[in-house]
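Open the structure in your viewer and keep the selection tool at hand. The tour goes from stop to stop, saying what to select and what is there.

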Amino acid sequence: MAKTLFEKIWDSHVVEEGNGRSLLYIDRHLVHEVTSPQAFDGLRMNKRNIRRTDLTFATMDHNVPTSDRSLPILDQTSEVQIKTLERNCKEFGVKLFDINSPDQGIVHVIGPELGITLPGTTIVCGDSHTSTHGAFGAFAFGIGTSDVEHVLATQCIWMEKPRTFEIRVEGKRKNIHAITAKDIILSIIRKIGTAGGTGTTFEYRGETISELSMEQRMTICNMSIEGGARAGLIAPDEKTFDYLRGRRYVPKNYEKLVEYWRENLKTDSNARFDKSFTLHVDTIAPQVSWGTNPAMTVDVTGKVPFPEEYAKGNTEEEKAATKALQYMGLKSGTLITDIEIDRVFIGSCTNSRLEDLTEAARAVKGKKVSSKVRAMIVPGSQHVKKQAEELGLDGIFKDAGFEWRESGCSMCLGMNPDILSAGERCASTSNRNFEGRQGSGGRTHLVSPVMAAVAAIQGHFVDVRDLDLN
Amino acid sequence: MKGSVIKYEKDNIDTDVILPGPYLKIHDYDELAKHAMEGIDKDFHKKVKPGDFLVAGKNFGCGSSREHAPIALSYSGVKAVLALSFARIFYRNAVDGAFLLPIEIEESTYKDISEGDQLEIETSENKIRNITKNTIYEIKPFPELIGKIIAAGGLFNYKS
């Protein structure tokens, strides 16, 4: 029977089935400091070991400070959580990339970077953006702490098989520096809605997806959860194999695996998806979110919508839009390019990789951050930071007045001191514009790295297609 | 089980508002409970009573995978969330830890239930009785395995 890529990965990982559910084998388990402490406590309490320490990797990213790492951590509760992960990893024998490790970084940045992420595998982590790893043709999804404990103890998870959802992305972008992967995924979520993918796994395919780099594909897969999907994946190709070749944790028989992957890890030509959606990128504009969920997004050339126009007759949507505008402190009809910002955050598991920083730096070189704006760059990992410094990107950013910080999740979720004050408005390359996400009362506009960088300089949103970015 | 309703007529209530990020560092569940729903309702911990039910719109619990969200609700006393639909990770977390019952309700049920209504949930009969309004609503039975995990008191008590 013809199968989709997802169905092939699923079928090859089923241990047993029953009650309409499958017990699925997990190939890689990524662990971080925030969603793991209770899981380790549970193991300890029940005198259980970790089933496969060799498939379990940990780092600390969510609450680590992004300021000088030689200084003590001021927030004591953060320090306790960081020390707890250290202690747990030591006790249970888990490989940890700790706060001082040259490999430390956001878990979804370092997985691929170190070659832990592999095509055709199942990957879990106690973090919803685990979908990022789908860019390599893996079935990767976020889980909660009870499931973290279950996977630590058994290397398996009970799951209902998600349905398949094909997301075709077709056409050619006119300006690849101005229309980015972030604009593509925001356009998709804007069309299908935040619950459009509930109960499904996306497979992104089509001409445009093939042309994207691995880092751009990661940005797309990262936000699958924002479209409500369990996961999102992309069939691996030569770009995938080239990206991983030679990385530290790829298996020794790598070339043999590549042969197998090349042959098997694709959707059969006559396979059927349960749902399908197509986005044509030829005419899309840079995207800016105006509301409090990622589907509340418009073109940079657009205006802050009127709730009734946005809701198209749906009273619940209209109420939600009215509340969102109130929270965001925005007036309907305002041009997006007239929205002035106070803060800029370039970072997060969505947009903190080398290419994101390179694209942002291209727009920043020789310019200055607006005197009204505080802007920060938070590289996704220590490796990204080092590579960027080797390219001199840190100099470009620092000369312009950006803060150049240490790696971590930072202002994406406001767990460390990098937060917005109430009422502050931020152009952010992160993934969620939920109320209070970046700090209580903070206002988030989701954009691409280049859009955020230019907003930092101009003090308001700008259509980056009008700039010379080559 | 019986309880009264706290209703949020809102879709997409995300886990960042159910339990905001800064509190993810708290390990004490009773302490977490003090911050439940703080992102949209600062007075929630004052008004919630043991045994209460939350009623909400579509896609409840979307966003972050933090299990702290159902834990904070559970330790506030919330026994069930009745929503038009749930985001999947929240749903799993609620069931796996047996923190609360995630119950999907029909649009008509959602509209009919008001803040403060007294409800009695009878999962064995797939029914919710609205004592205040003297009405009965049908609910879909839990999928087989979910029902078994809930009956066992969570994933770790469940034996297949």
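**Before starting**

This is a predicted model, in which local features need pLDDT of at least 70, side-chain atom pairs count only at pLDDT 80 or more, and totals for chains, interfaces and linings use all residues. Residues are numbered from 1 along each chain as its sequence is written, chains are lettered from A and ligands numbered from 1 in the order in which they are written, and side-chain values use heavy atoms, with hydrogens and water left out.

**Stop 1: the largest cavity**

Select His62(A), Asp127(A), His129(A), Leu413(A) and Arg437(A): of the 21 residues that line the largest cavity, these are the closest to its centre. A cavity is a set of points, on a 1 Å grid over the protein atoms alone, where a 1.4 Å probe fits but cannot get out; a pocket is an open set with protein on both sides within 12 Å along at least five of seven lines; lining residues have an atom within 4 Å of a point. The structure holds 5 cavities of 30 Å³ or more, and the largest has about 180 Å³ of space. Such a volume is the space filled by probe spheres set on the points, with grid points joined across faces, edges and corners.

The lining of the largest cavity has 7 nonpolar, 10 polar and 4 charged residues. Here Ala, Val, Leu, Ile, Met, Phe, Trp, Tyr, Cys and Pro count as nonpolar, Asp, Glu, Lys and Arg as charged, and the others, Gly among them, as polar. Domain 1 (5-276) and domain 2 (287-466) of chain A each give at least three residues to this lining; the domain bounds come from an automatic or database domain assignment.

**Stop 2: the largest pocket**

Next, select Arg21(A), Glu160(A), Arg88(B), Tyr91(B) and Pro143(B), which lie nearest the centre of the largest pocket among its 29 lining residues. The space in this pocket is about 700 Å³. Helix 5 of chain B gives the most to the lining, with 5 residues. Helices (H or I, at least four residues) and strands (E, at least two) are DSSP runs, numbered from the N terminus. By class, the lining has 16 nonpolar, 3 polar and 10 charged residues.

Strand 8 (156-159) of chain A is one of the elements that supply at least two residues of this lining. Which way do the side chains of strand 8 point? Cys156(A) and Trp158(A) point one way, Ile157(A) and Met159(A) the other, and all are buried. Buried means under 20% relative accessible area, exposed over 50%, and partly exposed in between (1.4 Å probe, protein chains only).

Leu24(A) stands opposite Ile157(A).

**Stop 3: the second largest pocket**

The second largest pocket has a volume of about 600 Å³. Select Arg190(A), Ala295(A), Tyr310(A), Lys312(A) and Glu317(A), the closest to its centre of the 25 residues that line it. Its lining divides into 10 nonpolar, 6 polar and 9 charged residues.

**Stop 4**

Ser410(A) and Asn134(B) are the next two selections. Phi of Ser410(A) is near 55°, a positive value in a residue other than glycine. Asn134(B) is not a glycine either, and has a positive phi of about 55°.

**Stop 5: salt bridges**

Side chains of opposite charge can pair when their charged atoms come close. A salt bridge is a side-chain nitrogen of Lys or Arg within 4 Å of a carboxyl oxygen of Asp or Glu. A search of the whole structure finds 47 of them over all chains.

- Select Glu9(B) and Lys319(A): the closest N and O atoms of this salt bridge are 3.4 Å apart. The pair crosses between chains, with Lys319(A) in helix 12 of chain A.
- Select Glu389(A) and Lys385(A), which meet in a salt bridge at 3.3 Å, N to O. Both lie in helix 14 (residues 382-390) of chain A, 4 residues apart, about one turn of the helix. Glu389(A) is partly exposed, at 31%, whereas Lys385(A) is buried, at 12%.
- Finish with Glu166(A), Arg168(A), Glu170(A), Glu203(A) and Arg205(A), joined into one network by salt bridges that share partners.

Methods
Two strands pair if DSSP finds at least two bridges between them.
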